[in-house]
Amino acid sequence: MSGFESVEKSLANHLPTDELTEVRRILYGKQLRDLKIPSYARQIANDNDFELAGYAMEAFPEQTRLPRIVRVGLIQNKIVLPTSAPVLEQVAAIHRRISTIIEAAAACNVNILCLQEAWTMPFAFCTREKHPWTEFAESAENGPTTKLMQVLAKRHNMVILSPILERDEIHGDILANTTVVISNSGKVMGKSRKNHIPRVGDFNESTYYMEGDTGHRVFETQWGKIAINICYGRHHPQNWMMYGINGAEVVFNPSATVGALSEPMWPIEARCAAIANSYFTCAINRVGTETFANEFTSGDGKPAHTDFGHFYGSSYVAAPDGSRTPGLSRTSDGLLVTEMDLNMVRQVKDRWCFRMTQRLPLYAESLQEAIHSDYQPPIIKE
């Protein structure tokens with residue numbers, strides 16, 4: 001149902017207050033404090049028709065460490081112009097739209113902002129057509145989108161994570177699914193590429209780019225150590241694990257995924273990763289239904305079609321203690337602002353000891369054996 005707005009609103013509309021409080025506790029963990037949204041930010045959201053929500057994830061006060069407070073912003077959005085519009089017009093329109101939402105994020109004192117996967121373009125990889133879609137690709141280091149985000153990052157004193165379709169001119173003009181990390185100084189810190197590429201349904205991404213070669217980089221920013229696990233990588237627990245091993249405190253999951261394929265998994269995977277790896281996770285998904293000029297098939301015997309399906313938004317943040325924010329709308333553009341105390345990362349490690357009991361040498365030894373072609377699983381029979 002592309003018109004169904006959210007589980008949260010449905011529950012609020014149909015449950016008595018006391019019962020709703022208990023249901024939320026069971027579904028989302030401890031109750032989170034609502035952030036006070038500045039009137040200027042609220043006005044921008046109202047004037048430009050996007051949802052704006054804010055929550056706080058608090059840690060216990062400590063005697064030897066001050067709180068490590070950081071505000072994270074997640075933006076989910078529809079494309080602005082039809083997929084048939086000229087490429088440069090589509091890019092310019094989405095640049096304007098996102099710049100406006102970033103202004104609201106700045107008014108909310110966001111420190112680190114992440115956009116959705118391939119945010120400057122339609123998610124056209126379902127079509128298997130190379131043109132015009134490859135024309136949306138640009139340099140991660142000095143393309144127009146990176147240059148714009150550099151200006152905004154410096155202006156707003158904000159780290160910006162900008163997932164784009166990258167054109168790597170140095171290495172044979174190849175394409176890559178890449179997130180550019182821009183410091184609050186305005187400088188490009190580096191980039192992180194998508195580690196796992198889907199080959200399911202209409203996700204024909206390997207027609208355009210292959211698995212990334214940047215591994216599990218962690219970026220040490222002014223507001224903590226962050227990493228980016230792009231889209232399909234959320235289905236791979238080892239992927240999440242390596243970012244934690246490398247010291248990440250917040251891992252972002254910019255995505256583009258549709259309801260018929262993955263919606264029951266969406267509320268679970270990033271939250272499970274936050275628990276298992278003792279860090280915060282931020283799941284971002286685009287919104288809307290994107291229609292293309294030419295029909296394509298999914299290789300499943302069903303009729304040809306011209307749209308990917310409904311991108312269901314529902315962006316949220318999960319904490320290492322298992323709590324999570326409500327999700328943004330399934331149908332509307334939105335900005336989710338979450339204030340988190342990074343001291344919770346160590347506190348949860350101390351409480352649950354997941355890292356201490358992880359037994360990495362055991363699994364390293366087992367995996368080293370399992371990757372060999374002559375591997376025999378240790379199955380015991382009567």
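**Entry: Lys 194.** I listed the contacts of Lys 194, taking contact as heavy atoms within 4.5 Å. Leaving aside neighbours within four places in sequence, Lys 194 touches Glu 117, Asn 177, Glu 205, Tyr 209, Glu 211, Gly 212, Ile 230, Cys 231 and Tyr 232. The side chains of Lys 194 and Glu 117 also make a polar contact of 2.8 Å. A polar contact is a pair of N or O atoms within 3.5 Å; within protein, one must be able to donate a hydrogen and the other to accept it, and residues adjacent in sequence count only if both atoms are side-chain atoms. Lys 194 sits in the loop between β7 (188–193) and β8 (219–221). Helices (H or I, at least four residues) and strands (E, at least two) are DSSP runs, numbered from the N terminus.

Is Lys 194 buried or exposed? I find Lys 194 buried, at 1% relative accessible area. Buried means under 20%, exposed over 50%, partly exposed in between (1.4 Å probe, protein chains only).

**Entry: ground rules.** The model is predicted: local features need pLDDT of at least 70, side-chain atom pairs count only at pLDDT 80 or more, and totals for chains, interfaces and linings use all residues. Residues are numbered from 1 along each chain as its sequence is written, and side-chain values use heavy atoms, with hydrogens and water left out.

**Entry: Phe 125.** Phe 125 lies in the loop between β4 (112–114) and α5 (144–156). Phe 125 is buried, with 1% relative accessibility. Beyond four places in sequence, Phe 125 contacts Leu 165, Asp 202, Asn 204, Glu 205, Tyr 208 and Tyr 209. I also checked Ser 206: Phe 125 and Ser 206 are 81 residues apart in sequence, yet 8.7 Å apart in space, C-alpha to C-alpha.

**Entry: cysteines.** How many disulfides are in the whole structure? My search finds zero, a disulfide being a pair of cysteine sulfur atoms within 2.5 Å. Cys 231 is buried, at 4% relative accessibility. Cys 272 is in no disulfide either; its nearest cysteine sulfur, in Cys 282, is 16 Å away. Cys 272 is partly exposed, at 41% relative accessible area.
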